[in-house]
Amino acid sequence: MGLSANEISEIKATWAIPAATPSESGQAILLEFFRRYPANLQKFKDFKDMTLDELKVSPRFHAHANKIILTFDEAIKTLGTDESPAALQKIWSKIATSHVKRGISRESYMELKEVILEILTAVCKLNAEQQAAWDKLVTAVYDIIFKTMDDLGK
Ligand code: HEM
């Protein structure tokens, strides 16, 4: 995927911070995602009518927040191994396929990317080089998602 050994080690080192509290980190990302881009909340049938304050105490919301972080965790653990390209392909094409069924657009993914990178930058105090490495990682996994969507005709 074109990440250097140094970029991989920067990603792994900074990821340790949000990964230590996956549910809280995921919630911070999702709450900001819905606050900034509320149309995305409508895709969640169980909490589309909730306010952000109600979401904060919803167990299903916590579960989804956790799932996003765990997906990244799984992907980041493979970085730097021989199995990484095949593992990333498997993890992210599965996300693409399950989300196509829910009508999630490329635009929604890009909105989420913006929020993820912003929150990581704040929480992990990323410098410019680390931000570039993270951008490269998310771009690479999004390439897999968007290519899978293309293949599915979406
Ligand atoms: C980096 C991107 C994302 C990751 C890693 C991710 C991860 C996940 C996972 C692991 C699940 C549950 C298992 C599955 O069905 O695949 C899920 C469900 C879901 N995701 Fe995402 N997701 C991402 C982006 C998005 C975006 C941009 C939206 C836009 C609204 C979204 C909306 C949903 C919805 C509506 C569900 C179903 C929730 C439920 O039924 O409780 N996801 N996601």
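This is a short walk through one protein model, from its overall build to a few single residues.

Two points before we start. Residues are numbered from 1 along each chain as its sequence is written. The model is predicted, so local features need pLDDT of at least 70, side-chain atom pairs count only at pLDDT 80 or more, and totals for chains, interfaces and linings use all residues.

Let's take the overall build. The protein has seven helices and zero strands. Helices here are DSSP runs of H or I with at least four residues, strands are runs of E with at least two, and numbering starts at the N terminus. Read from the N terminus, the order is α-α-α-α-α-α-α.

Now the dimensions. Along the principal axes, the C-alpha atoms fill a box of roughly 45 × 40 × 25 Å. The radius of gyration is 15 Å, which agrees with the value near 15 Å for a compact globule of 154 residues. That radius is taken over C-alpha atoms, and the globule rule is 2.2 Å times the number of residues to the power 0.38.

How much of the protein is buried? Buried residues make up 20% of the 154 residues. A residue is buried if 20 or more other C-beta atoms lie within 10 Å of its own, exposed if 12 or fewer, and partly exposed in between, with C-beta atoms placed from the backbone.

Next, contacts. Two residues are in contact if their C-beta atoms, placed from the backbone, lie within 7 Å. Among contacts with a separation of 6 or more, 74% join residues 24 or more positions apart.

On to the core. In soluble globular proteins, nonpolar side chains tend to be buried together. A nonpolar core here is a set of buried Ala, Val, Leu, Ile, Met, Phe, Trp, Tyr and Cys residues joined through C-beta atoms within 7 Å. The largest one has 25 residues, and Trp92, Trp134 and Val141 touch the most other members. H1, H2, H4, H5, H6 and H7 each give two or more residues to this core. The largest share, six residues, comes from H7. Look at Trp134. Beyond four places in sequence, Trp134 touches Ile11, Leu117, Leu120 and Leu126.

Now helix H2, residues 22–36. H2 has 15 residues and spans 21 Å from its first C-alpha to its last, close to the expected 21 Å. The expected span is 1.5 Å times one less than the number of residues. Which residues of H2 are buried? They are Ser25, Gly26, Gln27, Ile29, Leu30, Phe33 and Phe34. These buried residues pack against helix H1 (5–19), helix H3 (52–56), helix H4 (59–78) and helix H6 (106–124).

Val115 is found in helix H6. Leaving aside neighbours within four places, Val115 is in contact with Ile29, Glu32, Phe33 and Arg36. Val115 is partly exposed, because 19 other C-beta atoms lie within 10 Å.

Turn to the ligand. Around the ligand sit 17 residues, the closest being Asn40, Lys43, Lys67, Thr71 and Ser98. Near means a C-beta atom, placed from the backbone, within 6 Å of the molecule. H4, helix H5 (84–100) and H6 each give two or more residues to this shell. H4 gives the largest share, five residues. By class, the shell has six nonpolar, six polar and five charged residues. Ala, Val, Leu, Ile, Met, Phe, Trp, Tyr, Cys and Pro count as nonpolar, Asp, Glu, Lys and Arg as charged, and the others, Gly among them, as polar.

Last stop: the end of H6 and on into H7. Lys125 is in the loop between H6 and H7. Most residues other than glycine have a negative phi. Lys125 is not a glycine, yet its phi is positive, about 50°. Why does Lys125 count as exposed? Because it has 10 C-beta neighbours inside 10 Å.

Gln131 is in helix H7. Gln131 touches Leu117, Thr121 and Leu126, again not counting residues up to four places away. Gln131 and Ile11 are 120 residues apart in sequence, but 9.1 Å apart in space, C-alpha to C-alpha.

Tyr142 also lies in helix H7, residues 128–151. Tyr142 touches Tyr109 and Lys113, not counting residues up to four places away in sequence. With 17 C-beta neighbours inside 10 Å, Tyr142 counts as partly exposed.
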